[in-house]
Amino acid sequence: DGGFGLVEMWQRILEREGIEIRFGTAAVRLLTDEKARVCGLVAQNSDGLMELHCKGVVLASGGFQANPAMRAQFLGSGWDLGKVRRSKYDTGDGIQMALDSGAQPFGHWGGSHATPIDADAGDYEAGFLDPANRRHRTHRYGWTLGIMVNTEGRRFIDEGEDFNAYTY
């Protein structure tokens, strides 16, 4: 069932294992010990800031696609104007916390897995989820069947290069 099913599965596992889930709580900063090992985090909810100490922290915070400044920094000029595919919460906060704590950046940050999105879509494509079939209505994967133009009526890709699964 896609991402929705994945989240439901993990929630069942966490509840079964007795692991507390805190909604409405944002990680703010990683805590490190005298040897620079991560030993917890500072979090914030409606009650304010709190320290959570633990044996380990898993930063499963997504990417930085919902952060226009980080998109421009790592992907280049103009990427700050792009429509976001996925969640508006993938702001790179977890990545920045790790970097601020001395983590080494790794991998290739200068590329993206982008898809054509309707120009009339909102800022975050995930907001246009069709509840009837749990599919996004703003993807424009049919470019191989015609031509694709931008809001100025200009073509901007080679629609005939290959099937959409190979031309991201």
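**The whole chain**

Start zoomed out: from one end of the sequence to the other, the pattern reads α-β-β-β-α-α-β-β. That is three helices and five strands, taken as DSSP runs (H or I of at least four residues for helices, E of at least two for strands) and numbered from the N terminus. Bear in mind that this is a predicted model, where local features need pLDDT of at least 70 and side-chain atom pairs count only at pLDDT 80 or more, while totals for chains, interfaces and linings use all residues. Residues are numbered from 1 along each chain as its sequence is written, and side-chain values use heavy atoms, with hydrogens and water left out.

**The three-stranded sheet**

Now pick out the open sheet, S1-S2-S3 in order, with antiparallel pairing; strands pair if DSSP finds at least two bridges between them.

**Arginine 71**

Jump to helix H2, residues 68-75, and select arginine 71. Where does the side chain of arginine 71 reach? It goes to the backbone oxygen of tryptophan 79, at 2.8 Å. Show everything in contact (heavy atoms within 4.5 Å) and, beyond four places in sequence, you'll find residues including Phe64, Gln65, Trp79, Leu81 and Val84.

Definitions and conventions. A polar contact is a pair of N or O atoms within 3.5 Å; within protein, one must be able to donate a hydrogen and the other to accept it, and residues adjacent in sequence count only if both atoms are side-chain atoms.
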